[in-house]
Amino acid sequence: MTGAWETVIGVETHVQLRTASKMFCGCATAFGAPPNTQVCPVCLGLPGALPVPNELAIKLAVRAALALRCRVHAKSVFARKNYFYPDLPKGYQISQFDQPLATEGMLPFLSPDRGAVDATITRLHVEEDAGKSLHDRFPKHTAVDLNRAGVPLIEIVTGPDFRSPAEARAYLSTLKQVLEYIGISDCDMEKGSLRVDANVSVRRAGDPVLGTKCEVKNINSFSYVEKALTAERDRQIALIEGGGRVEQQTMLFDAKENTVRAQRAKEESHDYRYFPDPDLPPLIVSPEWIAEQQASLPELPATKRERFVSQYALPPQDAAVLTASRAVADYYESVVHAGAEPKAAANWVMGEVLGDAKDHQDQLRAPPAGLSQLIALVKGGTLSHQSAKRVFSELAANGGDPRTIAESLGVIQVADANVLGQWVDEVLGAHAAEVTRFRAGETKLMAFFVGQVMKASKGKADPKLAPKVIAERLGAA
Amino acid sequence: MTETAAPEALAAARAAADRMGKTKRLNALLTPAKDLRKSLLAQAKEVHPSGVLYGMPVAVKDNICTLEFPTTCASKILDGWQSPHEATAVAKLKAAGALIAGKANLDEFAMGSSTEHSAFGRVIHPLEKSRVPGGSSGGSAALVAAGAVPAALGSETGGSVRQPASFCGVVGIKPTYGRVSRYGLVAFGSSLDQIGVLGRSVHDAARVLSVISGRDGKDNTCEDRDPLRLPNVPENLQGFVIGLPKEYFPPDMDAGVRRACDRAIRALKELGAAVRDVSLPHTAYAIPAYYVIAPAEASSNLARFDGVRFGPRLGEGTDLRALYRETRGEGFGPEVRRRILVGTYVLSSGYYDAYYRKAQQVRALLAQDFRNVFDRGVDLIFTPTTPTTAFKAGERMADPVAMYLADIFTCTANLTGLPAMSVPIGRVKGLPVGGQFIGQSWLEDEMLEAAYALERAIPGAEDV
């Protein structure tokens, strides 16, 4: 059905900045506090209260803008967005309008349909959050929790760049990864620290004119992004194919029904009467300071991925896994810097370390230096790979020195030919018939002898050294 | 502090309470006498004797938040509201040893020029009961004029300190925008609002201004500056160049006001000042621009009065819209509603450029007018504060534009942020006339020097 249609999507993302205090007052921003306990005259909008900008929030916003390759403006202006709602204490939201903090950015991402694509970032601005209206808490009443009122946000707006719901989702994953990398937000959609609205329109493939767009709201989880956008796209196509016309309106996604429904016109007929907030002088950031922020940005995921490929000679898939989060990438590099061979370290991190993290709230529990030593013990033949996994479990759980752990577990490989010789003699003595057959030319029995030596040594015999000693004995006999 | 540790403060508190009690007929004070006396005595026991305003009672306009008394803005929508926070200016007064001597009546939310637009009744002019004291700080001006307090805090958005000071024959100062923190001043037009001081003399007003001025981390529009330092009273005004803008002395100006101004100008010359005719050509556009910008900001600033978090909820409030409509419809008086409507209109999409943006352009032109004059060596501007003396109560209530024109000479200082003050320069048929100085930004000290000298040189309370 969609073959003849092209979908066009633009995305607006609200991201809660990772600050201890609110955008314009000193109240805490911690999630989950009892209702209305993190409030003061400023965020309650009491008469006489005035806003004072949070400098850390500005800094985080600028860093986000730079990571998205935006032009950060030396002067931007806070503006009031006026509308009445009980969870908007002042009757206006402090936001930015015609002079935003940053414009003209871009974010390269990997489209599932088209490969490498650059999303354009039209604008990035700073604003404060509203509170929460709880309509289901008390029968026939609306409860208002203002803990969230005044929490710092940035809004990131893209151009109409995406051609499918899956592509929009891929952009969002990349955006989330970048923002997490630079540490400006925890980007947790379930906690509302990352919120997504999208503008969707459809047109006949090849039509140069954009169709009428609808805004889709209420996408409360990462897993809903594709569903909500698909539902809206399908609605528009069905509407047009049925002879109808798309009207510009706001659609709300209903996750339970997996459908979209139009928001009542009354709810959206706002004239926000934006004007510069006279309580806040224009926001001025010096070019020197911007340069400082640029210089102190961490390496971003795409760059790091490329570097891992070239510097550590890793396959691109490995590099992608290792750079998916900054914590894992940093961990991996610590292991390598502690002396581990890069490819072996990659295998360990992607296997044991991430497996362990999955079971332990994403913690990277094994100390990198310890893991590096463990890898060295395997490489040097002191531990078999199988034994090393046992040592790793202990290392992750309780830390410590891998060799000591291996010793206490009794799994150190014996690479001493004399010690090994005793096990070999034992095995050869017990299998005279096989020895005779071997000598008669049945050399494939070597594997059998090695297996028996491993068994006799309880796995401690160095599996590389064992055949040599066996061959010596059989040749000398 | 114990009672015995502060006998002077206690005596001052009792005397202030007594004097305040005698002003009841003016309806200038919104604090009940009993509450005031009780609070003053309690404050006197706490106040520290080392402060520069030790024991000085200062009345506070009731749109400035206090912990001692409710803050109502003379509006039903805030009737009885007790603020949990305190204006920075009030905190600084208390730290300097002053006693907060109750809350003064005003035009509702400071919107008005006669203090007739108060939900708690009009303020009576202390010298002639049929007349208005000016506004919106009419309560503060009347209390100072009646001798109840040596000084009072007022607030200005378009002349609300200087105009009532002029009408009541007291001194009124509006400092440079950003000189005094606005924290705790209930916002009307935030880019214009500034707390000011009314005083029975230049010195009383100036020393209170000095105390409340200076940096405040709670107000981003407050300049990072030390408190204003008071100048000495000068021997003369030699070296001062004073400009007389022709737009403020129109040919049809009130004859009495003209006579008072002429005498003041003569006195300034005799003090050694050079007086020059100057022009501020965009003056005629000030009132229209002001009555776009101030209501625009007010329409947004007053959105928070919605009955949700504080203040009374009025009406039935059957749903959210009804709650808003009834609380705001009944809670705000007609002048406040008018300005909210005007402000909402001028900010609406499609009208913003024609009104709000244009008004901001006018504002820039006005500022340029003043810069041009100051750049040519003029130190200070001198004008009448108001076109007329105090008008009769009820006279302009039906004609908002006539009421708005009472601010015609004062609103330019608010639009440009410049410091300005009114000093008594005589009376006409028993009614005071004020002379206005407009100074250069942050040069209040020069303006105060001129005011000190003029105050000494002429009998400001005598008919001309």
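## Basis of the model

This is a predicted model, in which local features need pLDDT of at least 70 and side-chain atom pairs count only at pLDDT 80 or more, while totals for chains, interfaces and linings use all residues. Residues are numbered from 1 along each chain as its sequence is written, and chains are lettered from A and ligands numbered from 1 in the order in which they are written.

Helix 15 (residues 445–456) of chain A has twelve residues and reaches 17 Å from its first C-alpha to its last, close to the expected 16 Å, the expected span being 1.5 Å times one less than the number of residues. Helices (H or I, at least four residues) and strands (E, at least two) are DSSP runs numbered from the N terminus. The buried residues of helix 15 of chain A include Phe449(A), Gln452(A) and Val453(A); seen down the axis, the buried residues of this helix fall within an arc of 100°, so they line one face of the helix, the arc being that of the directions from the helix axis to the C-beta atoms. After helix 15 of chain A comes Lys458(A), with a positive phi near 55°.

Helix 13 (residues 417–430) of chain A has 14 residues and spans 19 Å between its first and last C-alpha, close to the expected 20 Å. Its buried residues are Leu420(A), Trp423(A), Val424(A) and Val427(A), and these fall within an arc of 100° when seen down the axis, so they line one face of helix 13 of chain A. On the other side of helix 13 of chain A, Asn418(A), Asp425(A) and Gly429(A) are exposed.

## Domains of chain A

An automatic or database domain assignment divides chain A into domain 1 (2–289), domain 2 (299–409) and domain 3 (417–476). The centres of domain 1 of chain A and domain 2 of chain A, taken over C-alpha atoms, are separated by 38 Å, and their contact takes six residues from each of these two domains, with contact meaning C-beta atoms, placed from the backbone, within 7 Å. On the side of domain 1 of chain A that touches domain 2 of chain A, helix 2 (residues 165–181) of chain A provides the largest share, four residues.

## Nonpolar cores

A nonpolar core is a set of buried Ala, Val, Leu, Ile, Met, Phe, Trp, Tyr and Cys residues joined through C-beta atoms within 7 Å. The largest has 227 residues, and those with the most contacts inside it are Val58(B) and Leu99(B); helix 8 (residues 286–301) of chain B gives the most to this core, with ten residues. A second, separate core of 33 residues includes Leu322(A), Leu377(A), Ile405(A) and Ala406(A).

## A strand residue of chain B

Val275(B) lies in strand 7 (residues 274–278) of chain B and is partly exposed, with 17 other C-beta atoms within 10 Å. Its C-alpha atom is separated by 7.2 Å from that of Leu244(B), 31 residues apart along the chain.

## Contact between the chains

Chain A gives 26 residues to the contact and chain B gives 35 residues.

Technical notes:
Buried ≥ 20, exposed ≤ 12 C-beta atoms within 10 Å, placed from the backbone.
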